Amino acid sequence: MSPETLLLLALGALAVVAAARWVGERTALPAAALLPVLGILYAVLPGPNIELDPHIVLTFILPPLLYSAALDSSLLAIRANLRIVIGLSVLLVLATALLIGAGFALFVTGATLAAGVAVGAAVAPPDPVAALAVGRKVGLPPRLITIIQGEGLLNDATALTILNVAVAAAVGGHFSFPVAAGRFLLAAAGGTAVGVAVAFAMRMLRPIAKDALLANAVSLATPFVAYLAGERLHVSGVLAVVVAGLIVGHDTPRSGTGAGRLQTSAVWRLVDFLLEGLVFLLIGQQLPAVLHGLKQYDGSTVAIALAVSLVGTLLLRPVWLILTQAAHLLLRREDEGLAGREIVALSWSGTRGVISLAAVFTIPLTTDAGEGFPDRDLLLFCTFVVVLVTLVGQGLTFAPLVRLLGLRPNEVDEARERNEARAAAAHAALDRLDDLDEDEPAEQREIEALRRKFKEQLQRYEHRLDVLQKADSDELPVSERYEAALRIRRLAIEAQREEILRRRDAGGLSDEALRRLERELDLEERVLPDRPN
């Protein structure tokens, strides 16, 4: 493929991703569900196509996506829900792989247990991107967001380890449970250790990387360093990336500079947008590859294999959540359990994605004996269908389901928590000002000016807290005074921006000065709460 053709494909893909996002923002259709369908439509048209290279996905795409998700997650919230997260990301993935493996061995003609476990491991880990995009848009409660995030961060390492063990058994013709369990524990423990080491190494670099651009360069390199270190040491590189991201994200608020944090956040949002869009589009384009070689199977074999894969993927998840909830009740851990509506929502949040396809494409073509890997083409097709069914089917129906269940966060509690923290921060600032020595008249004037500013802020926060304390519903009370203040501040910022642009156009202000002033206004506008246009 010529460079010009590759560039045209990349630009076309970018245009499709941007269009899908535009449509998703104006409709209830998530872009993650639209893009695979568009990819399939393109795949059946004549012209060049891009086949998925699993090693490129696992090396260049998976680490930054996982790291970005880990940076955006809450280490404390995941720790508070650790039992549920571990149950979904480790035990459920293992159970799904074994159930589908047993189903293939029992019902699919000629299939082996190892081959079935391989496809089971590939389809077991949900890709939470679609579910989280929809969940945040419809206001899914923070606890469910945390559980979905935590599951998505950890389940890939579990699935890829199980897949490697199953492939080794299928290729070598033998399987040892103690060896497999030992390999899994070693990969998990080693990956965790590597992630901790990389996170602390990044912490040591922070005093050097004070410059925002340098801090961004270090941040972009971190997931690849963690992944390569893990893979070189023959442990879980995926888990190393996740652990490093969780620790770095937890430490970020107390380190670095404000400019660096703002820029890093913007860079990672762009990386997420581009990579997520491209991989979902890439999923649909794999249709010709997964159909290749499928003619050797009769229709009944394909139907049974698909049924086993879909049943194991879709039905085991709600059963698992119900059983674990019953166990919580028996052990009297009601505070850790899930309500019925939450179980339904989590059951339908298990969309699969590109990691499943990348994983199954890593299955080798032949065994050690030189024979073809058993039912490889059938495994590719089953994985593709599971990804498509969950990504499109569940992705398109998740938002209506959440609305039907009436799940939404307690906005009053969240606003109260934020305003209590703001009031406490204002008190801390006033206490620090009281401790300052007022030797010079200029210093005294500045201290008094700041003291008046923080006292005004404190009055606003306390007034807002008083309103929230009296709220009699879970929805935020609307303050006409507050909304009017927001509107007026935006009008004032807009007037300032128009004036500095007029001065630049008239030759009274350089472009460099314009950009600096505009950045100040942009930062001021950025802290204002979002409101519909």
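**Basis and terms**

Helices (H or I, at least four residues) and strands (E, at least two) are DSSP runs, numbered from the N terminus. The model is predicted, so that local features need pLDDT of at least 70 and side-chain atom pairs count only at pLDDT 80 or more, whereas totals for chains, interfaces and linings use all residues. Residues are numbered from 1 along each chain as its sequence is written, and side-chain values use heavy atoms, with hydrogens and water left out.

**Second largest pocket**

A pocket is an open set of points on a 1 Å grid over the protein atoms alone, with protein on both sides within 12 Å along at least five of seven lines; its lining residues have an atom within 4 Å of a point. Volume is the space filled by probe spheres set on the points, which are joined across faces, edges and corners. The second largest pocket has a volume of about 1100 Å³. It is lined by 26 residues, of which Arg 422, Arg 460, Tyr 461, Tyr 482 and Leu 486 are the closest to its centre.

Helices H19 (411-435), H20 (441-469) and H21 (480-505) each supply at least two lining residues, and H20 gives the most, with eight. The lining comprises 12 nonpolar, five polar and nine charged residues. In this classification Ala, Val, Leu, Ile, Met, Phe, Trp, Tyr, Cys and Pro are nonpolar, Asp, Glu, Lys and Arg are charged, and the others, Gly among them, are polar.

**Largest cavity**

A cavity is a set of grid points where a 1.4 Å probe fits but cannot get out. One cavity of 30 Å³ or more is counted, and the largest cavity holds about 40 Å³ of space. Its lining consists of Ala 121, Ala 122, Pro 125, Ala 159, Leu 160, Leu 163, Ile 355, Ser 356 and Ala 359. By class, this lining has eight nonpolar residues, one polar and no charged. H6 (113-123), H8 and H17 (354-361) each contribute at least two of the lining residues.

**Nonpolar cores**

A nonpolar core is a set of buried (under 20% relative accessible area, 1.4 Å probe, protein chains only) Ala, Val, Leu, Ile, Met, Phe, Trp, Tyr and Cys residues joined through side-chain atoms within 4.5 Å. The largest core has 98 residues, and those with the most contacts inside it include Leu 52, Phe 104 and Phe 373. Helix H8 (residues 142-172) provides the largest share of this core, 12 residues. A second, separate core of 25 residues includes Leu 88, Leu 144, Leu 405 and Leu 407.

Key:
Buried < 20%, exposed > 50% of the residue type's maximum accessible area, 1.4 Å probe, protein only.
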